[in-house]
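Hi,

Here is the structure I promised to pass on.

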Amino acid sequence: MAGIRFQSIRKVFGKTVAADSVSLEIRDGEFMVLLGPSGCGKTTLLRCLAGLEHVDGGRVFIGDRDVTDRAPRDRRIAMVFQSYAVFPHLTVFDNIAFGLKMQGRPRDEIKRRVEESARLLELTDFLKRYPAQLSGGQRQRVAVARAIVMQAAVLLMDEPLSNLDALLRLQMRAELKRLHQEIKATTIYVTHDQVEALSLGDRIAVMQSGRIVQCDVPMNIYDYPANKFVGGFIGTPPMNFLPGVVHANGDGPTVVVGESHLAPAPAFAHALSAKNGEPILLGIRPENLTLAPNQQANTIRARVRVVEPLGSHKLLTMQVGTEISKVSVAPDQRVAPNEDVWLHFDPEKIRWMDAATGEAISATVE
Amino acid sequence: MRVKSETILPYSLLVPTLIFVILLIVVPIGQAFLLAFQAPDSSFTFAHFQKMANDTSFGDALRFTFLLLIFIVPMQVVLAIIMALLIHTRFKGHTLFLYIYAIPLAISDLAAGIAWLSIFTERGYLNSILNQLGIFDKPFLFLSYQNLPAMFGTIVVAESWRATAIVMTILLAGLQVIPRDYFEAADVFGATTLKRTLFVVLPLLRPSLQNALIIRTIFAFQTFAVVFALAGRVIPVLAGESYNWYVANRNPNIAAAYAVLVLIFTVAATWFYLHFFQTSAAEAGYD
C-alpha cells in the first residue's frame with residue numbers, strides 16, 4: 001500500500017499541453033477519481049503514473065519512491081484498461097495469472113490467488129474459457145480480476161465502465177465500490193462520467209485543459225463548485241446560471257436578476273458589497289429551486305416551457321427572462337406548460353460567481 | 001434501373017482481373033495438367049511422372065528444393081520477426097531502414113541472382129575484399145561443383161536477402177494492427193521486452209505468421225532464377241528442372257509433370273500451415 005504524489009507534472013503532445021504543472025496528493029488507500037471532459041488530460045495523468053508516458057517535467061512518487069524514470073513493470077501498479085486489453089490468446093485463468101507469472105511466483109501460489117480473485121469477481125466458472133467466449137461485462141471483470149490479483153500498491157482504472165451498457169455499468173459501479181472497500185488499495189479512477197465520480201470517489205479531482213480545477217470530497221464538489229465549469233459539468237441536469245447585477249445600499253447588498261431583487265445569504269454580504277454595480281453570476285442546482293404560489297422574498301417570475309415527468313421527480317424547463325433554467329420538483333407538483341409561476345431561490349444554496357472569470361466567490365468566514 | 005446498375009458495377013469491375021486470371025493462370029494450370037497426364041494418343045497416363053522420377057537429376061532436385069526450404073524459411077522468419085519488431089519500435093530513422101529492407105522487393109529474382117553472382121564469383125567483390133584484407137591470398141571458389149556446401153551457402157544467403165523483406169512486410173503489417181493496449185498491459189503487468197514478445201506479441205501475430213509462412217514456402221518451392229544464376233544445374237531444384245525439360249530437352253510433358261509436383265507440394269504445405277496454425281474454436285469464440 002502506498003500513497004501517490006504528483007509533483008508539477010507537465011506533459012506536452014505537439015502543441016497541446018495535456019498536463020500543465022499538475023500537483024496532486026493521494027492518500028494511502030484512497031479512491032481518487034480524475035474527472036473531466038475528453039481531452040482534459042486525466043488519462044494522460046494516469047498514464048504518467050503508470051509509466052506509459054514519459055513526463056516532460058515534474059516528478060511522480062509512489063509511496064516514498066520516486067518512480068518518474070522507472071519502467072511500468074518496476075512501479076508496483078496494476079491497471080484496468082478502457083478497452084480491457086484482456087489477451088485474446090489466453091484463457092481467463094492465464095489472463096488473471098499473467099502478472100504473477102511474469103513475477104515468477106510459484107505455481108500453487110498463482111493458482112490460489114487467481115482462484116481467489118476469480119471468486120471475488122464471480123469468474124470461477126469461466127476460468128477455462130477464452131475471452132472471445134465471454135460477454136463484454138465478463139471480459140471487464142477479467143480485466144479487474146487481473147489487476148486486483150497483483151495486490152499492487154496502486155490500482156489504476158482508465159474509464160473501466162465506459163464500454164458497458166447502462167444497466168451493467170450501474171451494477172459494476174456498485175461492484176467496484178464493494179471491491180475497493182474489501183481490498184482498500186490506493187485507487188486512481190479516470191472517468192468523464194460525473195455520476196460515476198460522485199458514486200465512487202473518496203475525493204474527486206476535476207480537470208479542465210490540463211489542470212486540476214477542484215479537488216475535494218464529492219459532496220463539496222457538488223454543493224460548492226469552484227467555478228462555473230465544475231458546476232456546469234457536474235449534476236444531471238447541471239447547475240443553472242443566471243446573470244445579475246450587485247446593488248449595495250445601507251441594508252446590505254441585493255442582486256438584481258431580471259426585475260427581481262434577491263438577497264444573498266449573510267455570509268456573502270461582505271464579499272458582494274465590494275462588487276457594487278458589477279455584473280455577477282448566480283449558480284443554483286435544479287433541486288434548490290421551488291415553485292412559489294405568489295410573489296415573495298427571493299422569487300423571480302418565470303414561465304414553464306416543458307414538463308418532463310421522470311418518475312421520482314418532475315423536470316421543468318423554465319424561461320427566466322432570456323435564460324433557460326432547469327427545475328426539479330416533486331412528482332405530484334401540479335404544473336402545466338406555458339404557465340407563469342414564481343420561482344423561489346434558496347439563498348443558502350446559491351453559488352455566486354464572478355461574471356468575468358466564472359470563479360466562485362468565497363463566503364466570508366466570521 | 002439504378003439498383004440494377006449498382007449490382008452490375010462490382011462485377012464489371014472484377015471482369016478485367018477475372019480475364020487476366022483465367023488467361024494467365026487458370027488456363028495454363030489446366031494445360032499443365034493435360035500435358036502431364038496425356039499420352040500422345042490423348043489417353044490418360046502416368047508415364048511422364050515415371051520418366052520424371054527415373055531421371056538422374058530428380059532425386060537431387062527434390063532433395064535440394066527441400067534443403068533450401070528447411071535452411072531458408074525458418075531463418076528468414078526469425079530474421080523477419082526481429083526486423084519487424086525493430087521497425088515497430090519506431091526508433092529514430094526507422095523509415096530509412098524500411099526503405100533499405102524494401103530494396104530486394106523491387107528487384108527481379110534473376111537480377112538478384114546475377115548481382116549475387118558478381119559478389120561470389122571467383123574474381124567477385126567478396127573475393128576482392130577478402131584478398132585485400134589479406135584473409136586469402138588466392139580467390140576462394142564459392143561457386144565450384146567441388147565445394148557444394150559453399151555453393152549451397154551462397155544460395156541461402158542470396159535467397160534470404162531477396163525474400164526476407166516480403167516476410168517482414170507481412171509481419172510488420174500484422175504488428176501494426178495489434179492494439180497498443182496489449183503491449184501496454186504486458187508492460188504494466190511486469191513483462192520484460194523479451195517476455196512480452198514471447199508471450200503476447202508472437203501469439204497475437206499468429207495470423208500474420210501463417211500468411212508469411214504460406215507465401216514464403218510457395219516462393220521457396222518456386223525458387224529458380226537465383227539458384228540458376230549462382231549454381232547453374234550443379235544444384236538442381238524442381239522449378240529449374242521443369243524449365244530445363246521444357247527449354248533444353250523440348251519435352252513439355254515432363255516439364256508439366258514437374259510443375260504439377262510443385263503445385264501438389266505447395267497445396268500440401270499451405271494445408272499444413274492452415275491446419276497447424278489454426279486458432280482453436282474456443283479461442284475464436286465459436287462455441
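Before the contacts, one term: a salt bridge here is a side-chain nitrogen of Lys or Arg within 4 Å of a carboxyl oxygen of Asp or Glu. Keep in mind too that this is a predicted model.

Let's start with how the two chains meet. The rule finds one salt bridge across the interface of chain B and chain A. Which side chains meet in that salt bridge? They belong to E184(B) and R47(A), with 2.6 Å from N to O. That is within the 4 Å cut-off, so the pair counts. Between chain B and chain A there are also four residue pairs in polar contact, both residues being at pLDDT 80 or more.

On the chain B side, helix 8 (180–188), helix 9 (193–204) and helix 14 (281–284) each supply at least two of the residues that touch chain A. Helix 8 of chain B gives the most, with eight residues. By type, the side of chain B that touches chain A divides into 12 nonpolar, four polar and seven charged residues.

As for the extent of this interface, 23 residues of chain B are in contact with 23 residues of chain A. The two chains bury about 2,200 Å² between them, and 67% of that is on carbon and sulfur atoms. V188(B), F189(B) and E283(B) supply 34% of the area that chain B buries against chain A, more than any other three residues.

Now for chain A itself. It is divided into domain 1 (4–230) and domain 2 (240–354), and 40 Å separate their centres, taken over C-alpha atoms. Eight residues from domain 1 and six from domain 2 make up the contact. Together the two domains of chain A bury about 630 Å², 54% of it on carbon and sulfur atoms. Y222(A), P225(A) and K228(A) supply 73% of what domain 1 buries against domain 2, more than any other three residues.

How many salt bridges does the rule find across this domain interface? The count is zero, but four residue pairs are in polar contact there (both at pLDDT 80 or more). Helix 7 (residues 218–223) of chain A gives the most to the domain 1 side, with three residues. That side divides into five nonpolar, one polar and two charged residues.

Last, the aromatic rings. Over all chains the count comes to 26 aromatic pairs. One of them is F229(A) with F233(A), a stacked pair at 5.6 Å centre to centre and 15 degrees between the planes. Both residues lie in helix 8 (residues 228–233) of chain A, four residues apart, about one turn of the helix.

Cheers

How values were computed:
Residues are numbered from 1 along each chain as its sequence is written. Chains are lettered from A and ligands numbered from 1 in the order in which they are written. This is a predicted model: local features need pLDDT of at least 70, side-chain atom pairs count only at pLDDT 80 or more; totals for chains, interfaces and linings use all residues. Side-chain values use heavy atoms; hydrogens and water are left out. Domain bounds come from an automatic or database domain assignment. Contact means heavy atoms within 4.5 Å. Buried area is the accessible area (1.4 Å probe) that two parts lose on being put together, summed over both. A polar contact is a pair of N or O atoms within 3.5 Å; within protein, one must be able to donate a hydrogen and the other to accept it, and residues adjacent in sequence count only if both atoms are side-chain atoms. Ala, Val, Leu, Ile, Met, Phe, Trp, Tyr, Cys and Pro count as nonpolar, Asp, Glu, Lys and Arg as charged, and the others, Gly among them, as polar. Rings of Phe, Tyr and Trp (its six-membered ring) pair if their centres lie within 6.5 Å; planes under 30 degrees apart count as stacked, over 60 as edge-to-face and the rest as tilted.
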